[in-house]
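This report describes the architecture of one protein model.

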Amino acid sequence: MLTDHLAAWAATNADDAAVTYVDHSTSLDGLSVTATWGSLQRRVASTAAALRRVVGPGGRAVVLAPQGVDDVVALLAALWAGVVAVPLDLSDLDDHPSHVHAVLADCLATAVLTTSAVKPRVQAFFDAPVVLVDGLPEEEVDRFPAAASDLAMLRYPVDPGADPYGTALSHGDLAAAGQRALTAFRAVTGRSVTVNWLPLCYDLGFVLGVAAPLAGRLRAVLLEQSSVLEQPRRWLQALASGQDVITAAPDFALAYCASRTTEQDRSWLRLSQVSSMVDGGEPINASTVRVAVDVFGQCGLPPQSLRTCYTAAGAVGPVTMTPGGSPPRRITVDREQLAAGKAVLRTDGRPSLLVSSGVPVDGEVLIVDPSASWQLPDGMVGEIWLSGPAVAVRQQLVALDGRHWLRTGDLGFLHEGELFVLGRQEDLLTVDGRRLDPHEVELVARAAHAAIRPDRVVALSFGEAVVIVAERSQHLPPAELDVAAVVAAVRAAVAKRFDVRVRDVVIVESGRMPAGWTGRPTRAAIRRRYLEAGL
């Protein structure tokens with residue numbers, strides 16, 4: 001179990017650095033705060049003692065602490081006390097309060113772990129005992145003897161708009177995810193460093209910031225996501241300051257950070273010591289991989305260090321990952337055939353460039369016809385099914401050919417053993433019985449007029465027609481926006497290209513489209529707001 005690892009490292013490597021948080025809120029260059037394995041264990045045990053006074057083993061406690069050492073302490077204290085942790089993103093209190101309320105109503109937590117500075121904000125949402133992770137007395141409680149099958153965490157979707165359904169993760173799930181990550185990243189015990197700015201409630205954020213470091217005695221360096229998005233060079237500086245560095249970012253963030261890297265940054269930042277920079281978005285954008293290899297390569301990042309992976313809601317940790325040694329594989333397929341459910345390699349006509357999400361880390365991936373539940377051959381598009389240790393033990397599984405599988409709801413195909421992810425099955429557009437790829441429709445819509453922000457276009461289907469929701473470009477002043485011209489251009493382009501009726505084109509102000517912290521528009525929330533005339 002992860003808490004067993006913590007106790008072991010505190011006993012044998014008490015003075016070694018365990019977690020470093022680089023705080024940019026009060027210092028331009030960042031102020032580093034480090035906890036050793038010994039001090040981390042003591043803080044975890046004392047916080048667990050306070051938690052056990054208000055919640056018994058098996059109870060549930062929300063973790064709403066700022067990113068950093070306090071957040072790690074809060075999560076581990078819940079596990080140490082035998083309490084089920086429900087980690088949430090603190091920024092959602094301000095950005096997505098309805099999402100927080102929905103999760104709180106669903107998870108049935110009876111306590112919250114937070115810090116003194118954040119306590120007033122948290123109490124405005126949660127009328128329950130508050131356990132502070134800072135300033136606690138030195139009283140400690142013994143580690144709860146958790147079994148591998150005991151419930152350890154409820155992980156909720158990080159994007160608002162999704163149903164507040166928590167994925168149940170056991171202590172064994174968390175420990176196994178850390179071990180699998182060590183293998184996938186080829187991490188070296190006591191030497192490798194993880195650099196993470198993803199929230200710890202996010203799957204890859206937890207694996208990089210907590211599970212893998214505990215499993216392999218790696219030093220974890222944490223940054224606040226808002227500080228990185230404000231100045232991406234802060235992330236790159238942290239990468240350049242370690243050795244054998246492992247890091248990850250969502251697809252949008254990788255592209256964003258690459259685009260914000262200046263010539264000056266490239267002249268002095270050295271990323272040659274980064275062993276794995278993982279693009280964790282699904283699907284992976286070929287343009288992101290190309291730009292990242294080019295831009296970060298100028299900073300010394302070896303091309304083979306850029307890797308891609310696939311994660312799923314009912315799994316924990318990376319399910320597939322591209323192996324080190326070469327950049328992620330890219331293939332070109334026919335767009336029309338892909339929309340019809342078949343990946344046909346071609347370079348002429350109307351091709352689509354797709355990027356591999358790698359091979360299974362531990363387990364098996366199956367592509368299945370979602371309506372008939374039979375296995376599809378390589379090159380055929382279907383639902384991604386998973387089997388093996390990556391699947392959380394408490395998930396609802398389905399049987400096929402004498403084995404049990406997790407249905408992910410994601411679409412993709414296999415090509416020469418590698419997985420190519422196309423997106424969520426529920427996001428597909430069905431118009432008059434025809435299946436359309438939403439990404440293709442959105443590509444045509446965004447190219448129809450320069451006033452549209454390229455990464456903020458969503459296509460929805462309603463029976464016999466399509467609805468396009470797009471955001472005004474940040475580079476276009478509101479006074480210069482000719483809404484009628486934009487609507488006409490988008491309507492005509494989509495109708496002509498796909499021979500469909502466009503029911504509506506909605507243009508929203510810059511920054512107003514519902515989106516999760518990953519930057520991707522949340523289709524469920526957009527559909528709901530459109531039907532409620534709330535856009």
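In helix 17 (residues 523–531), the residues Arg523, Ala525, Ile526 and Tyr530 are buried, where buried means under 20% relative accessible area, exposed over 50% and partly exposed in between (1.4 Å probe, protein chains only). They cover an arc of only 160 degrees around the axis, which puts them on the same side of helix 17; the arc is that of the directions from the helix axis to the C-beta atoms. Helices (H or I, at least four residues) and strands (E, at least two) are DSSP runs, numbered from the N terminus.

The buried residues of helix 17 pack against helix 15 (438–447), strand 25 (452–462), strand 26 (465–472) and strand 27 (501–508), contact being defined as heavy atoms within 4.5 Å. After helix 17 comes Ala533, which has a positive phi near 60 degrees.

## Basis of the model

This is a predicted model, in which local features need pLDDT of at least 70 and side-chain atom pairs count only at pLDDT 80 or more, while totals for chains, interfaces and linings use all residues. Residues are numbered from 1 along each chain as its sequence is written, and side-chain values use heavy atoms, with hydrogens and water left out.

## Strands 25, 26 and 27

Strand 26, one of the elements against which helix 17 packs, is mostly covered, as eight of its eight residues are buried. Strand 25 and strand 26 pair in the antiparallel sense over seven bridges; two strands pair if DSSP finds at least two bridges between them. Within this pair, Leu460 stands opposite Val467 of strand 26. The two strands form a hairpin with two residues between them, and Gly463 in the turn has a positive phi of about 65 degrees.

Strand 26 also pairs with strand 27, here in the parallel sense and over seven bridges. Val469 stands opposite Val506 in strand 27.

Nine strands form an open sheet in the order 2-1-10-9-11-12-13-14-17, with mixed pairing. Strand 2 (31–36) and strand 17 (359–360) stand at the edges with a single partner strand each, so one side of each is left without a neighbour in the sheet. Strand 1 (residues 17–23) and strand 10 (residues 219–223) are joined in the parallel sense over four bridges. In this pairing, Thr20 stands opposite Val221 in strand 10.

Helix 13 packs on the sheet, where it touches strand 12 and strand 13, and its direction makes about 150 degrees with that of strand 13. For this angle, axes are lines fitted to C-alpha atoms, for helices over the stretch in contact, and angles run from 0 to 180 degrees between N-to-C directions.

## Helix 11

The buried residues of helix 11 (residues 251–259) are Asp251, Ala253, Leu254, Cys257 and Ala258. Seen down the axis of helix 11, these residues fall within an arc of 165 degrees, so they line one face of the helix. Their cover includes helix 9 (225–230), helix 10 (233–240), strand 11 (245–249), strand 12 (274–279), helix 13 (286–297) and strand 13 (306–310).

## Selected loop and helix residues

His24 is placed in the loop between strand 1 and strand 2 and is buried, with a relative accessible area of 10%. Neighbours within four places in sequence aside, His24 is in contact with Asp29, Gly30, Leu223, Ser227 and Arg234. Thr115 lies in the loop between strand 5 (111–114) and helix 6 (119–123) and counts as buried at 3% relative accessibility. With neighbours within four places in sequence again left aside, the contacts of Thr115 are Ala65, Pro66, Asp70, Leu132, Val133 and Asp134.

Ser39, in helix 2 (residues 37–52), is partly exposed, with a relative accessible area of 22%. Its side chain reaches the backbone nitrogen of Thr36 at 2.9 Å.

## Overall dimensions

The secondary structure comes to 17 helices and 27 strands. Buried residues make up 56% of the 535 residues. Of the contacts with a separation of 6 or more, 69% are between residues 24 or more positions apart.

The C-alpha atoms fill a box of roughly 70 × 50 × 50 Å, taken along the principal axes.

Note on methods: A polar contact is a pair of N or O atoms within 3.5 Å; within protein, one must be able to donate a hydrogen and the other to accept it, and residues adjacent in sequence count only if both atoms are side-chain atoms.
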